[in-house]
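Thank you for asking me to look over this model.

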Amino acid sequence: MPQIFRPGANALTWMVLALAALLLVALVVVAAGYYRSPYYSQIGDRPAQPVPFSHKHHVGELGLDCRYCHTGVTQSDFAGVPESEICMTCHSQLWTDAEMLAPVRDSLRDGEPLHWQRVHDLPDYVRFSHSGHVNHGVPCEACHGRVDREPLTTKRETLFMQFCLDCHRNPGPRLRPPRAVFEMGWAPEAGTDRDALGDRLMARYHTPSTDRLTDCSLCHQ
Ligand code: HEC
Ligand code: HEC
Ligand code: HEC
Ligand code: HEC
Ligand code: HEC
């Protein structure tokens, strides 16, 4: 019978197998790293905008309320971005010649809305509603972070399913009284039992049960 395998082939086979296993592990590690990386999650993304609008300036320093510009946020699924008319309530008097604001003036003159680039964008198969959250004690800050400190709007949270579920499993400690929903950096008075406050707020808002809030059909039709 002719010899098919040379002596030592066994060792070679094992070496090849070991190498393949190592490669596989390396691949999984790289893939997992990629999934958690800012590149995939888009954390820190700051798309170029037609006008370098600063929340730090307008919210942090001038103290404007979110609802002044994001007018849809308590009534609809969408917060919406402001129309140029809203900017011009001030900028028809202030910084009227600023080059930076030329796109806003042109937009108003031509009746063409500015093309603000999206910072956050969920896939279409996910259901989400702003009014469903902010009218029930969930603050802007829980999902968008301290926009009042941002010279340019930046993505702060992944908004992946895990992020939503982390809160849906135990929303109490994240809820705020109605007056604090739009506030940045709010904290309850020193000495407040946060869990007890959370329970009171859940009762007040009639927050649905954890079972309901983690049901797939809540977010996926
Ligand atoms: C003077 C108007 C104005 C006020 C007040 C304002 N915003 Fe904005 N906001 C804008 C504009 C213009 C954009 C679009 C450009 C950008 O992304 O920076 C925007 C974008 C955003 C985005 C990113 C939207 C996206 O594309 O995903 C978030 C989040 C946001 N605002 C939250 C807030 C919160 C929270 C407040 C209140 C604390 C607030 N804004 C107050 C004008 C305003
Ligand atoms: C309530 C009044 C008010 C509204 C509404 C407003 N701004 Fe302003 N904005 C100001 C003031 C005041 C300054 C100047 C601040 C300074 O000189 O320190 C300013 C400055 C700016 C600047 C240049 C300075 C900087 O660093 O931000 C830009 C760009 C700007 N605004 C864009 C916008 C846009 C776009 C909108 C509409 C989405 C808007 N503003 C709405 C009051 C307003
Ligand atoms: C529970 C989390 C959550 C809260 C609370 C929240 N947002 Fe959002 N926001 C999102 C998500 C998710 C998106 C992306 C929606 C999409 O892609 O359909 C978004 C998008 C936006 C946008 C882009 C335009 C739009 O309507 O999609 C703006 C502006 C915005 N949010 C402002 C606000 C403001 C202002 C508040 C508070 C008054 C707020 N958000 C509260 C999660 C939240
Ligand atoms: C910080 C807490 C928090 C985060 C983060 C959060 N939610 Fe919620 N969500 C709630 C609470 C509390 C309710 C119940 C509101 C009520 O009392 O009806 C809710 C309700 C909902 C509802 C049902 C209400 C409606 O409008 O139909 C949907 C859908 C939903 N969330 C989707 C999402 C998605 C998608 C995300 C992630 C992008 C998310 N949520 C992130 C706290 C949160
Ligand atoms: C609170 C809202 C919420 C609930 C409840 C929820 N999901 Fe999701 N789901 C999301 C969001 C947001 C995404 C989008 C993540 C992204 O941007 O990649 C998502 C994405 C997915 C995806 C796409 C793959 C992925 O992981 O990105 C699958 C599959 C999925 N969900 C299945 C489920 C199943 C099964 C359940 C019930 C056990 C469930 N979801 C419950 C919010 C939710």
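The points below begin with the basis of the model and then take up the iron sites, the ligand shells and the domains.

1. This is a predicted model, in which local features need pLDDT of at least 70 and side-chain atom pairs count only at pLDDT 80 or more, while totals for chains, interfaces and linings use all residues. Residues are numbered from 1 along each chain as its sequence is written, chains are lettered from A and ligands numbered from 1 in the order in which they are written, and side-chain values use heavy atoms, with hydrogens and water left out.

2. The iron atom of ligand 1 is coordinated at 2.0 Å by NE2 of H55 and NE2 of H70, where donors are N, O and S atoms within 2.8 Å of the metal (3.2 Å for Na, K and Ca) and sites may look incomplete because water is not among the atoms. The 6 donor atoms of this iron make angles of 88 to 179 degrees, and the site is octahedral, a label given to six donors if opposite donors are over 155 degrees apart and all others between 65 and 115. Because H55 belongs to helix α3 (residues 55-61) and H70 to the loop between α4 (66-69) and α5 (84-91), the pair ties together parts that are 15 residues apart in sequence; helices here are DSSP runs (H or I, at least four residues), numbered from the N terminus. H55 counts as buried, at 13% relative accessibility, whereas H70 is partly exposed at 23% (buried means under 20% relative accessible area, exposed over 50%, and partly exposed in between, with a 1.4 Å probe and protein chains only).

3. H133 is partly exposed, with a relative accessible area of 24%, whereas H168 is buried at 14%.

4. Which residues come nearest to ligand 4? Of the 23 residues around it, they are H133, C164, C167, H168 and L218, a residue being near if one of its heavy atoms lies within 4 Å. A polar side-chain atom of R127 lies 3.4 Å from an oxygen atom of ligand 4, which falls under the polar-contact limit for a pair of N or O atoms (within 3.5 Å). At least two shell residues each come from α7 (131-134), α8 (140-144), α9 (161-168) and α12 (216-219), and α9 gives the most, with 4 residues.

5. Around ligand 5 there are 15 residues, of which M161, H168, C216, C219 and H220 come nearest. A nitrogen atom of ligand 5 is 2.8 Å from an N or O atom in the side chain of H220. Helices α9 and α12 each supply at least two residues of this shell, and α9 gives the most, with 4 residues.

6. The domain assignment gives domain 1 (11-41) and domain 2 (55-81 + 116-219), with bounds that come from an automatic or database assignment. The centres of domain 1 and domain 2, taken over C-alpha atoms, are separated by 38 Å.

Conventions:
Polar contact = N/O pair within 3.5 Å; in protein donor to acceptor, adjacent residues only side chain to side chain. Tetrahedral: all angles 85-135°; square planar, octahedral: opposite > 155°, others 65-115°.
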